[in-house]
Amino acid sequence: MDELEEAARSDFGLDVVTRLPISESFSSSVLSFIAGDGRHYVLKRHWARNKAEREASALVALAEHPDVPALLATSERDGILTLLIEGLDGTPWADVAET
């Protein structure tokens, strides 16, 4: 079990049932998964705390937009901020940009 799976369980009470593929992540560790409750979640740990704080702020500011996932919770351990984000189905923006 990796660190993000452990964080899903210990910090947010979620069991990872199915890991989902991640296209690319340039400045964070990411886990996309289906939990025991059947919902899709994404856990993110940015390598720089200020980036995690900016992403959390942006998700809150854009919460009313239907194409922006909800920030469900955050967890902090040893100065590291982990974001629990609603998983949304869709096409990665990079795939759309290339068409």
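**Entry 1. Overall architecture**

I began with the contacts in the chain at a separation of 6 or more, and residues 24 or more positions apart account for 40% of them. Contact here means heavy atoms within 4.5 Å. I note that this is a predicted model, in which local features need pLDDT of at least 70, side-chain atom pairs count only at pLDDT 80 or more, and totals for chains, interfaces and linings use all residues. Residues are numbered from 1 along each chain as its sequence is written, and side-chain values use heavy atoms, with hydrogens and water left out.

I looked up the secondary structure and found three helices and five strands. Helices (H or I, at least four residues) and strands (E, at least two) are DSSP runs, numbered from the N terminus. Along the sequence they follow the pattern α-β-β-β-α-β-β-α. I then looked up burial: 31% of the 99 residues count as buried. Buried means under 20% relative accessible area, exposed over 50%, and partly exposed in between, with a 1.4 Å probe and protein chains only.

**Entry 2. Helix 1**

I listed the buried residues of helix 1 as L4, E5, A7, A8, D11 and F12. Viewed down the helix axis they fall within an arc of 160°, so they line one face of helix 1. The arc is that of the directions from the helix axis to the C-beta atoms. I checked what covers these buried residues, and the cover includes strand 1 (16–20), strand 2 (28–35), strand 3, strand 4 and strand 5.

**Entry 3. Helix 2**

I compared the length of helix 2 (residues 49–61) with expectation: at 1.5 Å a residue its 13 residues should span 18 Å, and the end C-alpha atoms are 18 Å apart, which agrees. The expected span is 1.5 Å times one less than the number of residues.

I found A52, E55, A56 and L59 buried in helix 2. These residues cover an arc of only 100° around the axis, which puts them on the same side of the helix. The face turned away from that buried side carries the exposed residues R54 and A61. I traced the packing of the buried residues to strand 3 (40–46), strand 4 (71–77) and strand 5 (80–86).

**Entry 4. L83 and E86 in strand 5**

I looked up L83, which is in strand 5 and counts as buried at 0% relative accessibility. Not counting residues up to four places away in sequence, L83 touches V42, L43, K44, H46, A52, E55, A56, L71, A73 and T74.

At 25% relative accessibility E86 counts as partly exposed. Leaving out residues up to four places away in sequence, E86 touches H40, V68, P69, A70 and L72. The C-alpha atoms of E86 and L72, 14 residues apart along the chain, are 6.5 Å from each other.

**Entry 5. The second largest pocket**

I recorded a volume of about 170 Å³ for the second largest pocket. On a 1 Å grid over the protein atoms alone, a cavity is a set of points where a 1.4 Å probe fits but cannot get out, and a pocket is an open set with protein on both sides within 12 Å along at least five of seven lines; lining residues have an atom within 4 Å of a point. Grid points are joined across faces, edges and corners, and a volume is the space filled by probe spheres set on the points.

I listed the lining as E3, E6, A7, S10, D11, R45, S75, E76, R77, D78, I80 and T82. Helix 1 (3–12), strand 4 and strand 5 each supply at least two of the lining residues, and the largest share, five residues, comes from helix 1. By class I noted two nonpolar, three polar and seven charged residues. Ala, Val, Leu, Ile, Met, Phe, Trp, Tyr, Cys and Pro count as nonpolar, Asp, Glu, Lys and Arg as charged, and the others, Gly among them, as polar.

I looked up E76, which lies in strand 4 and is partly exposed, with a relative accessible area of 49%. Leaving aside neighbours within four places in sequence, E76 is in contact with R49 and L81. The C-alpha atoms of E76 and D11, 65 residues apart along the chain, are separated by 8.8 Å.

I located D78 in the loop between strand 4 and strand 5. D78 is exposed, with a relative accessible area of 80%. I noted its positive phi of about 50°, although D78 is not a glycine. Most residues other than glycine have a negative phi.
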